[in-house]
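Subject: Structure handover

Hello,

Here is the structure for you to look over. My notes on what was found in it follow below.

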Amino acid sequence: MSAKPLMLAAALAAAGANAADLDFSKQPHTAQTMQVNGQTVQYRAFENIPYVNNPVEANYQTINIYIPEAYFHGGSINGYTADTAPIFLPNKIGGYMPAKAGVPGQKGRGGEDKGADAMQVALSRGLVVASPGARGRTSPTGKAPAAIVDLKAAVRYLKANDKAMAGDARKIISNGTSAGGALSVLLGASANQRDYAGRLKKLGAAEANDSIFAVSAYCPISILEHADAAYEWQFHGVNDYQKMNITMLDYNVERKLVKGTLTAAEKQLSGSLKPQFAPYLNSLKLKNTQGKPLTLDKNGNGSFKDHIAALLAQSAQTALDAGKDLSARNWLTVSGGKVTAVDFDQYAAAAGRQKTPPAFDGVDLSTGENQLFGSADQDKRHFTAFAAQNSTAPNAGRADAQTVKMMSPMPYIAQTPTQYWRIRVGTNDRDTSLAVSAILAAKLQNSGKSVDYALPWDVPHSGDYDLNELFDWIDSIAKEK
Ligand code: DHB
């Protein structure tokens, strides 16, 4: 509900004959109450709101919106009012699967109950919460780039309804984990890009911009087009693995890992992929915060690797300062209470390989990402030249370059208006190479963005584990101006 003069009627009129359907002021609500960390929070729930006029999968293309009750009575919470409250935008996407709009207090990704979830904490701290659903890879109409188009349509809905709704649509903060983290990054990176305009129009999205204020991302499975080489850069030579059982590709259920050792053919693929990484990394011309070039030599060694080792050292130092015993970590050198060296290759071996090469574009089309890049007629396809050339699947197709582009933040970061970024990847995460998030953070920093990037100690592939810090960060950026 910002003062920005975005006329709802005018904005929606351009969207088509059913434009009035995207009018938030017509939405019914229910009054709800919950306890969050001992505090009673009252809010109104506006659920299952279609955010496009021409849905393709109406059960997923909806948004749930939750607004603190105080904002309907001129009240304030945590210094925010109906006009100034930021809008927290968590997506529930995992594994690039279809995702329903989120509901406060839903169980976590593993079905575990860890107390208040991000949506509940957001409401208790005075944020408006808007959780969009999105299409996913298992449906013929959910293939790339459907999920990102859906998230953009949801943002446009919030922008078009800024006057009708509590919360400031100029302060939207996206949040997600893993595939959801990658889409959170992509939502921020690709804001207002014309590449998506035709698809948004076809869906009957509201006529508004789709820029957001800030991005929070946990362990983003991002930069898929280079993630295979990045994985082998980190794990080449680590031949034993614990792989996710392929029949358990719904990442919302418990992750069961199956042990194995790379075959001769897989070792060969690893050996071919690893040397592809340095040329890609060097082509990005990244710099660290001091302006020093981040590069790799032909063996994959160099300042970029040292940069990641330094991030790991920082994480270890924090653990050490908190009194943790790190003596069993053979990849760390500790002297006089200080972490003095990190052996990145030993770290990778200790962390362990979780995926067989190629980690994302499987030569046998067996990965979730193969399905993400499928089409209406071919459920699974390749999306890189390397896997297409080495394919073992009969008549395998390959996604077109524009679709691959639209799923990657890298082509868009230099132009993004999104200023604030927070990225977290645990040191126990093996779902993608640490290089992926390090590249994102450096590219964003080099593009003049404010980036808060860290590798929390011993944290596995997961998200939303540091909610106090997350919402402190949101307060700090939202109250800055
Ligand atoms: C997720 C995990 C993966 O290993 C992957 O390749 C894609 C998505 C996830 O947890 O969302």
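**Overall fold**

The chain has 14 helices and 13 strands. Its radius of gyration is 22 Å, close to the 23 Å that the globule rule gives for 481 residues, so the chain is as compact as a globular protein of that length. Please keep in mind that this is a predicted model. Along the principal axes, the C-alpha trace spans about 65 × 60 × 40 Å.

Two further values describe the chain as a whole. Of its 481 residues, 59% count as buried. Taking contacts between residues at least 6 apart in sequence, 73% join residues at least 24 apart.

Two helix pairs were examined. Two packed helices are described by the angle between their axes and the distance between the axes, and both values are given for each pair.

Helix 3 covers residues 146-160 and helix 4 covers residues 179-189. They pack at an angle of about 60 degrees, with their axes 10 Å apart. An angle of 65 to 115 degrees would count as roughly perpendicular; helix 3 and helix 4 are therefore oblique to each other. The crossing of helix 3 past helix 4 is right-handed.

On the helix 3 side, the contact involves A147, I148, L151, K152 and V155. These meet L183, L186 and L187 in helix 4. By class, the residues of this contact divide into 7 nonpolar, no polar and 1 charged.

The spacing of such contact residues can be read against the helical repeat: an α-helix has 3.6 residues a turn, so residues three or four places apart point the same way.

How many of the residues of helix 4 are buried? The count is 11 of 11, so helix 4 is mostly covered.

**Helix 6 and helix 9**

The second pair is helix 6 (residues 224-235) and helix 9 (residues 344-351). Their axes lie 8 Å apart, at an angle of about 105 degrees. Helix 6 and helix 9 are therefore roughly perpendicular to each other. Helix 6 contributes W233, Q234 and F235 to the contact, and helix 9 contributes F344, Y347 and A348. In this contact, 5 residues are nonpolar, 1 is polar and none is charged.

Regards

Conventions:
Residues numbered from 1 in each chain as written. Predicted model: local features only at pLDDT ≥ 70, side-chain atom pairs only at ≥ 80, totals over all residues. Heavy atoms only, no water. Axes fitted to C-alpha atoms, helices over the stretch in contact; angles between N-to-C directions. Helix = DSSP H or I, 4+ residues; strand = E, 2+ residues; numbered from the N terminus. Parallel < 35°, antiparallel > 145°, perpendicular 65-115°, else oblique. Left-handed = near helix turned anticlockwise from the far one by under 90°. Contact = heavy atoms within 4.5 Å. Nonpolar A, V, L, I, M, F, W, Y, C, P; charged D, E, K, R; others polar. Rg over C-alpha atoms; globule rule 2.2 N^0.38 Å. Buried < 20%, exposed > 50% of the residue type's maximum accessible area, 1.4 Å probe, protein only.
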